[in-house]
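These are my notebook entries on one protein model. I looked up the fold, the metal sites and a few single residues in turn.

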Amino acid sequence: MDCYVVLGLRREATVDEIKRAYRRLARRYHPGINPGDREAAERFQLVSEAYETLVDPERRRRYDTQGGAAPPQAESRFAFAGFDFSASADGTAAYSFGELFADALHGSRSREPERGADLYLEVALAFEEAARGARRTVRLSRLESCAPCGGRGFLAGPDVACATCEGRGEIRGVRGHMVFARTCPSCGGAGRVRHHACGACGGEGVGAHTGTVTIDVPVGIADGAQFSVAREGHAGRYGGQPGDLRVAVRVLPHRYFRRDGDDLLVEVPVAVYEAALGARIDVPTLEGVAWLRIPPGTQSGRTFRMREHGLPTRGGRRGDLLVTVRLALPDVLDERSKALMHEFAERNPGNVRAGLHT
Ligand SMILES: [Zn+2]
Ligand SMILES: [Zn+2]
């Protein structure tokens, strides 16, 4: 067997990676959660042998240089023959059943509730959506509480002999000619347990799921802002609270609106005669057209404030709409319009740039 393949590791795997791979696989194939499943038992043995070979630097070096099958090792055969889970007690590096599943077997008594991790998400919104608030349904993968065990990692069952100590209440380890015994950590010495690890989640109490979550984006949110949706992050372990879903918002630019805090800015073209004579002009707002009266003699670049036509805020009041007018000339003047302009010039002599020459 190839120890690296068995553990699903690269040749360069670190000791931490080896330990993690072993823990993950051992929790899946452990005979304690797969009673009577011969395939799982064989798989577990392979995983354990591969682990024992790679976790010991000296044995790993020999394995890497000589290649091929792992040299048989008295210790590991002793440790796993008939699944004697006293492995760690006799000095080998494997975890005992009790250590692998201590959290699950003891439920919340042995492990503190652990809050789930926060989950991060970016949402792109159209300008109007950000202004008015939006509802988004997003697809995400996260750890969710295991349904069969209710997130506890263990299932209550009939009173059975403890798998860790096989009902003896103590674990024996052999070192040389000495036999050590210690109280079984899984059953606390009772030899019987009423809990067994949940097979669906391997005792983790959580599992990865992909699903959809509906998010309400608050009104008036700005580009680059963040908000949290409580309890929609990863599920907590051992009955802990779930983490939060943290949403970063990107707001796409609008064709003609810009924002300044809660105020909305827009530039509106006006015709020469509207600016000169005054007019009631149509102005775009988030809700459609509104009307603005500009006085006679309105200069290009002048800004008018339309109260409460800006962005909605969470407080309920609205910002203002700031309308800046720009003089727009027709592209082409016909002969009659040109004549009128000449007449207009003659009737209004004087240099409009006079103020620059004083
Ligand atoms: Zn026990
Ligand atoms: Zn479970």
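Entry 1: Helices (H or I, at least four residues) and strands (E, at least two) are DSSP runs, numbered from the N terminus.

**Entry 2: basis of the values.** I note that this is a predicted model, in which local features need pLDDT of at least 70 and side-chain atom pairs count only at pLDDT 80 or more, whereas totals for chains, interfaces and linings use all residues. Residues are numbered from 1 along each chain as its sequence is written, chains are lettered from A and ligands numbered from 1 in the order in which they are written, and side-chain values use heavy atoms, with hydrogens and water left out.

**Entry 3: the chain as a whole.** I recorded 9 helices and 15 strands in the protein chain. For burial I used relative accessible area: buried is under 20%, exposed is over 50%, and partly exposed lies in between (1.4 Å probe, protein chains only). Of the 358 residues in the protein chain, 39% are buried. A contact means heavy atoms within 4.5 Å. Among contacts between residues at least 6 apart in sequence, 63% join residues at least 24 apart.

**Entry 4: zinc ion, ligand 1.** Which residues hold the zinc ion (ligand 1)? Donors are N, O and S atoms within 2.8 Å of the metal (3.2 Å for Na, K and Ca); water is not among the atoms, so sites may look incomplete. I found Cys162, Cys165, Cys184 and Cys187, each through SG, at 2.2 to 2.3 Å. Four donors count as tetrahedral if all angles lie between 85 and 135 degrees. The 4 donor atoms here subtend angles of 103 to 114°, so the arrangement is tetrahedral. Their spacing along the chain is C-x2-C-x18-C-x2-C. Cysteine 162, in the loop between S3 and strand S4 (170-175), and cysteine 187, in the loop between strand S5 (178-183) and S6, are 25 residues apart, and the pair links distant parts of the chain. Both cysteine 162 and cysteine 187 are buried.

The loop between S3 and S4 also holds glutamate 166. I noted for glutamate 166 a phi near 55°, a positive value in a residue other than glycine. Glutamate 166 counts as partly exposed because its relative accessibility is 47%.

**Entry 5: zinc ion, ligand 2.** The zinc ion (ligand 2) is coordinated by the SG atoms of Cys146, Cys149, Cys198 and Cys201, at 2.3 to 2.4 Å. I read angles of 103 to 114° among the 4 donor atoms, and this site is tetrahedral. The spacing of the donors is C-x2-C-x48-C-x2-C. Cysteine 146 lies in the loop between strand S2 (134-145) and strand S3 (154-161), and cysteine 198 in the loop between strand S6 (192-197) and strand S7 (206-217); this pair, 52 residues apart, links distant parts of the chain. Cysteine 146 and cysteine 198 are buried.

**Entry 6: helix H4.** Aspartate 56 caps the N-terminal end of H4, a side-chain oxygen lying 3.0 Å from the backbone nitrogen of glutamate 58. Where do the buried residues of H4 lie around the axis? I listed Arg59, Arg60 and Tyr63 as buried. The face turned away from the buried side carries the exposed residues Pro57, Thr65 and Gln66. Helix H1 (3-7), helix H2 (15-29) and helix H3 (38-55) are included in what covers the buried residues.

Arginine 60 counts as buried because its relative accessibility is 14%. Beyond its neighbours within four places in sequence, arginine 60 is in contact with Tyr4, Arg11, Glu12, Ala13, Ile18, Thr53 and Leu54.

**Entry 7: alanine 248.** I located alanine 248 in strand S9 (residues 245-251). Alanine 248 and glutamate 122 are 126 residues apart in sequence, yet 4.7 Å apart in space, C-alpha to C-alpha.

Note on methods:
Tetrahedral: all angles 85-135°; square planar, octahedral: opposite > 155°, others 65-115°. Polar contact = N/O pair within 3.5 Å; in protein donor to acceptor, adjacent residues only side chain to side chain.
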